[in-house]
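Here are my notes on this one, written for someone who likes to know the cut-offs. Have the viewer open while you read.

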Amino acid sequence: MMNFVEKISIKASPEQVFGFYEDVAHWSSWDSDIVSLSINGEFKAGATGLLKPVKGPESKITFTEVTRNRSFTTTSKLLLCTMSFEHQLIALDEETEVVHKVSFIGVLSPLFRRLIGPSVAKGLPESLCSLKEKVEAKI
C-alpha cells in the first residue's frame, strides 16, 4: 500500500467541517482538482457517485465508510488497483484537525503512484487550505 497524507487545523467544529463534506455538489468550490461530483442517494456508506476530475476521465466512486462528523472514505477502481481516499476529523480544543489520506492498493499501485501521485501530492495541501478558508469564512 502506498499513501499520501496531509493535515490541517481548522477553527471550526467537526460538525461544521463535515457539513462541507456532505454538500458533495459543491466540493469543486474548495477542491480545485474536481470539476464535478454527484452522489446517488444519501451521504452514507454504500452510496455511489460520479467524480469528474480536472485531469482524467469521470470515474465511479463508492462511499465505503461514513461516520457522521468524524470520518468518511471513498474508493475508486483503477486497473488492478483501488484508490482509497480517507477523510478524518479530530476534535481539538477550539479547532478540528482535518486529515486527508490517499492510498493506492493492488498490483499496479506502484504504477498509479507514479502516474497520479504527483498531482495527488500537489492537490492535497491545496484542497485542505481551500477547505479551511471556506469553512472559517462561513463561521
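**Notes on the model**

1. Start with H2, where the buried residues are Ser-109, Phe-112, Gly-117, Val-120, Gly-123, Leu-124, Ser-127, Leu-128, Ser-130, Leu-131 and Val-135. Buried here means under 20% relative accessible area, with exposed over 50% and partly exposed in between (1.4 Å probe, protein chains only). As a reminder, an α-helix has 3.6 residues a turn, so residues three or four places apart point the same way.

2. Before going further: this is a predicted model, in which local features need pLDDT of at least 70, side-chain atom pairs count only at pLDDT 80 or more, and totals for chains, interfaces and linings use all residues. Residues are numbered from 1 along each chain as its sequence is written, and side-chain values use heavy atoms, with hydrogens and water left out.

3. Overall, the chain has 2 helices and 7 strands, in the order β-α-β-β-β-β-β-β-α along the sequence. These are DSSP runs numbered from the N terminus: helices are H or I with at least four residues, strands E with at least two.

4. On size, the radius of gyration is 14 Å, which agrees with the value near 14 Å for a compact globule of 139 residues. The radius is taken over C-alpha atoms, and the globule rule is 2.2 Å times the number of residues to the power 0.38. Buried residues make up 37% of the 139.

5. Now for strand E3 (residues 48–53). Its covered face holds Gly-49, Leu-51 and Pro-53, while Thr-48, Leu-50 and Lys-52 sit on the uncovered one.

6. E3 has antiparallel neighbours in E2 (residues 34–40), over 6 bridges, and in E4 (residues 59–67), joined by 4 bridges. Strands count as paired if DSSP finds at least two bridges between them. Leu-51 in E3 is the bridge partner of Leu-37, and Thr-62 in E4 is the bridge partner of Thr-48.

7. Finally, check the hairpin of E3 and E4, which has 5 residues between the strands. In its turn, Gly-56 has a positive phi of about 110°.
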